[in-house]
Amino acid sequence: MKNLTREDFLSGKVDLHIHSNYSDGKADFKEIIDSAKDKGYKLISITDHNTVEGHKKYQDEILVTGAEFDCWFGYVFIHLLAYGIDVNHPALSPFLAKNRAETEGDIIRLFARRNVPKLINAIHEAGGIAVLAHPACYWAVSLERLVKKLMKYGLDGIEVYYPYPRFRKIVKFHSSRDVKRIADKYPELIQTGGTDFHGEKF
């Protein structure tokens with residue numbers, strides 16, 4: 001993933017933020033994979049909320065294991081993307097959903113009580129990397145300060161390429177330009193991107 005470029009994401013052939021019907025998406029997990037392969041995608045990741053059940057059932061050469069965890073970090077509600085994880089690793093178990101509602105209910109997910117430092121450590125123990133999803137959406141007085149605090153706990157990357165105007169224009173508190181500036185300022189951060197797809201046909 002470190003070898004991916006801006007052009008890879010902008011070309012539409014890499015999408016590392018997709019949701020299936022294992023959480024709050026509408027599309028079938030396997031159908032997403034098949035459709036991505038038919039369309040010539042280089043790499044995808046299905047990142048269902050707080051669950052890896054789809055990845056336990058399906059694997060493919062273009063599919064990166066992933067999940068999106070709902071967390072509170074201080075006063076800020078954030079989403080952490082986990083990539084390249086061993087989905088059967090016991091370190092992840094305390095952070096995974098215990099029922100269907102914890103994967104798809106927006107209100108229920110707001111009550112998440114995951115400890116972010118421990119979650120990042122668990123992602124690392126499971127062989128993965130932790131990436132901050134759609135950073136422009138967070139109600140943080142200073143987005144850069146938020147990112148720096150997370151980096152102290154081992155944050156590996158930041159989602160730079162994300163369709164804010166299309167998907168989250170109402171709840172966007174920072175600009176995509178701010179996100180790119182912060183990501184470029186800290187070259188140790190991996191820059192990722194995805195569409196946050198939730199539809200019926202990928």
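Among contacts in the protein chain (heavy atoms within 4.5 Å) between residues at least 6 apart in sequence, 71% join residues at least 24 apart. Keep in mind that this is a predicted model, where local features need pLDDT of at least 70 and side-chain atom pairs count only at pLDDT 80 or more, while totals for chains, interfaces and linings use all residues. Residues are numbered from 1 along each chain as its sequence is written, and side-chain values use heavy atoms, with hydrogens and water left out.

Let's take the overall form next.

The protein chain has nine helices and eight strands, which are DSSP runs numbered from the N terminus (H or I and at least four residues for helices, E and at least two for strands). Two strands pair if DSSP finds at least two bridges between them.

One group of strands makes an open sheet of five, in the order 4-5-6-7-8, with mixed pairing. At its edges you'll find strand 4 (66-73) and strand 8 (190-193), each pairing on one side only. From one strand to the next, the twist averages 40°. Helix 9 (residues 176-185) packs on this sheet, where it touches strand 7 (157-161) and strand 8, and its direction makes about 140° with that of strand 7. For such angles, axes are lines fitted to C-alpha atoms, for helices over the stretch in contact, and the angles run from 0 to 180 degrees between N-to-C directions.

Strand 5 deserves a stop of its own. Eight of its eight residues are buried, so strand 5 is largely enclosed by the rest of the structure. Val76, Ile78, Leu80 and Ala82 point one way, while Phe77, His79, Leu81 and Tyr83 point the other way. On one side, strand 5 runs antiparallel to strand 4, joined by eight bridges; His79 is the bridge partner of Asp70. These two strands form a hairpin with two residues between them, and Gly74 in the turn has a positive phi of about 65°. Strand 5 (residues 76-83) is also antiparallel to strand 6 (residues 129-132), this time with four bridges. There, Leu81 stands opposite Val131, and Tyr83 has Ile129 as its bridge partner.

The other sheet has three strands, again open, in the order 1-2-3 and with parallel pairing. Strand 1 and strand 3 (63-64) stand at the edges with a single partner strand each, so one side of each has no neighbour in the sheet. Three bridges hold strand 1 and strand 2 (residues 43-46) in their parallel pairing, with Ile18 opposite Ile46. Helix 2 (residues 29-38) lies across strand 1, strand 2 and strand 3, running at about 170° to strand 2.

Zoom in on Asp15, which sits in strand 1 (residues 14-18). Is Asp15 buried or exposed? With a relative accessibility of 1%, it counts as buried. Leaving out residues up to four places away in sequence, Asp15 touches Tyr41, Leu43, Ile44, Ser45, Gly193, Gly194, Thr195 and Phe202.

Finally, the cysteines. How many disulfides does a search of the whole structure find? The search turns up zero, where a disulfide is a pair of cysteine sulfur atoms within 2.5 Å.

How values were computed: Buried means under 20% relative accessible area, exposed over 50%, partly exposed in between (1.4 Å probe, protein chains only).
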